[in-house]
Amino acid sequence: MPLLHSFSFSFFIIYLLSPSPAHAISFVSPIQKDDSTLIYSLTLFLKTPLQPTRLHLDLGASFTWVACDARYNSSTYQHIPCFSPLCNSLGHNLSCSNCFNTPSPSCANDTCSLFPENSVTRKTAISTALTDSLALPTSDGSTQGPPILLPSYIFSCSPTSLLEGLANNVTGLVAFGRSNYSLPTQVSNTFSVPRCFALCLPGSTSDPGVSLIGSVGPYYFSPQKIDLSKSLVYTPLVLNPVGSTVVTYAGQPSDEYYINVTAINVNGKPIQINSSLLTVDENGFGGTKLSTAAPYTVLETSIYNALTEAFVNESSALNLTVTNAVKPFSVCYPAADIIVTRMGPGVPTVDLVMQSDDVFWRVFGSNSMVRMAGDGG
């Protein structure tokens with residue numbers, strides 16, 4: 001089986017949305033990687049009585065949505081009335097919704113409406129806004145405690161058809177964007193914890209990851225209880241002045257997260273690229289976006305070509321020879337030729353250089369390569 005050049009990043013990083021003091025308690029949720037779509041989902045507790053609910057993890061979405069046009073059973077859901085202070089604060093509502101069918105979570109009159117969006121397929125709909133009970137377990141960084149209730153979590157209904165393109169077992173989408181109604185922000189506002197979160201995304205479909213909301217550490221991993229928060233390197237977030245949702249709003253910046261990548265190195269050697277492409281312009285184009293909407297990293301064509309050329313050149317020094325490509329990738333190597341190290345396949349490293357030469361995101365073989373079935377040896 002060949003190993004494919006894919007640049008798929010698993011990462012552990014904190015996004016600080018506002019200056020925050022240290023806080024020892026995190027709200028935690030397991031993260032799974034789907035073996036079909038290779039995208040991530042998160043499990044939390046929703047409804048009354050509380051039910052485990054798996055949702056697509058969307059790093060840049062503004063608000064959570066759940067398919068509730070069928071089989072949404074809860075004794076605590078509430079519609080948000082039109083023109084109420086909460087409805088007016090959402091900023092995404094088009095108008096009052098009216099419905100002439102049997103009253104249900106997705107059907108009510110004079111109800112605030114939202115535009116839930118599937119970031120994978122770029123499809124959207126208009127549906128009712130709700131509040132309902134949500135709960136997340138807590139952790140001190142090493143042990144998990146019981147779930148704590150967030151009694152009026154704000155989200156949107158959606159039609160079941162909006163689930164197309166997501167993992168088969170998800171029932172909606174959970175938002176982690178920088179809006180006032182993402183999951184991390186609502187947790188912060190409700191429980192007065194720091195407005196921050198950390199994600200450890202699983203590199204395989206068999207090993208779960210974890211999200212930790214409301215704490216900058218400690219984060220203890222492995223039997224040795226190593227605190228990973230001590231070894232994190234930080235870079236500022238960049239604001240994109242233009243939103244990229246299907247339904248856009250004039251003057252509203254993007255709720256997605258961008259970072260200031262200034263250069264890309266392969267085995268410590270900078271590649272030649274048009275550096276202006278790495279900066280977000282006034283029209284919202286360019287820059288480096290952190291996203292969970294695609295299973296692999298997406299690069300602008302000229303940057304991709306320069307990166308793969310440098311990667312192939314550096315790989316030749318390791319006696320690696322390109323084999324037949326397997327879609328969707330263009331550079332592949334026979335698995336039998338790859339040495340396996342504790343950092344994954346022994347291939348050239350890729351560094352995403354940030355605001356200075358000593359601040360970079362190093363991508364080892366475990367995150368830059370993917371094993372695929374093919375005709376190779």
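## Basis

The model is predicted: local features need pLDDT of at least 70, side-chain atom pairs count only at pLDDT 80 or more, and totals for chains, interfaces and linings use all residues. Residues are numbered from 1 along each chain as its sequence is written, and side-chain values use heavy atoms, with hydrogens and water left out.

## A three-stranded sheet

Three strands form an open sheet in the order β19-β20-β23. Their pairing is antiparallel. Strands here are DSSP runs of E with at least two residues, and helices are runs of H or I with at least four, numbered from the N terminus. Two strands pair if DSSP finds at least two bridges between them.

The edges are β19 (237–238) and β23 (288–290), each pairing on one side only. Strand β20 (residues 257–259) is joined to β23 by three bridges. Tyr257 has Leu290 of β23 as its bridge partner.

## Asp58

Asp58 sits in strand β5 (residues 51–58). Asp58 is buried and has no salt bridge. Buried means under 20% relative accessible area, exposed over 50%, and partly exposed in between (1.4 Å probe, protein chains only). A salt bridge needs a side-chain nitrogen of Lys or Arg within 4 Å of a carboxyl oxygen of Asp or Glu. The nearest side chain of opposite charge is Arg122, 8.3 Å away. For charge, Lys and Arg count as positive, Asp and Glu as negative; His and the chain ends are not counted.

The side chain of Asp58 does make a polar contact of 2.4 Å with that of Ser119. Such a contact is a pair of N or O atoms within 3.5 Å; within protein, one must be able to donate a hydrogen and the other to accept it, and residues adjacent in sequence count only if both atoms are side-chain atoms. Beyond its neighbours within four places in sequence, Asp58 touches residues including Leu173, Phe176 and Thr292 (contact: heavy atoms within 4.5 Å).

## Aromatic pairs

Rings of Phe, Tyr and Trp (its six-membered ring) pair if their centres lie within 6.5 Å; planes under 30 degrees apart are stacked, over 60 edge-to-face, the rest tilted. The count is eight aromatic pairs. One of them is Phe197 with Tyr257, edge-to-face at 6.0 Å centre to centre and 65° between the planes. Phe197 lies in strand β15 (residues 196–200) and Tyr257 in β20, so the pair ties together parts 60 residues apart in sequence. Both Phe197 and Tyr257 are buried.

Tyr296 and Phe329 also pair edge-to-face, at 4.9 Å and 80°. Tyr296 is in the loop between β23 and α3 (301–316), and Phe329 in the loop between α3 and β24 (332–334). Ring pairs also link Tyr72, Tyr77, Tyr153 and Phe155 into a cluster.

## Salt bridges

The whole structure holds five salt bridges. Glu117 and Arg122 meet in one of them (3.2 Å, N to O). Glu117 is buried at 14% relative accessibility, whereas Arg122 is partly exposed at 43%.

Lys289 and Glu256 form another, at 3.3 Å, N to O. Lys289 is in β23 and Glu256 in the loop between β19 and β20, 33 residues apart. Arg362 and Asp351 also meet, with their closest N and O atoms 2.8 Å apart. Arg362 belongs to strand β28 (residues 360–363) and Asp351 to strand β27 (residues 350–353). Arg362 is partly exposed at 35%; Asp351 is buried at 3%.
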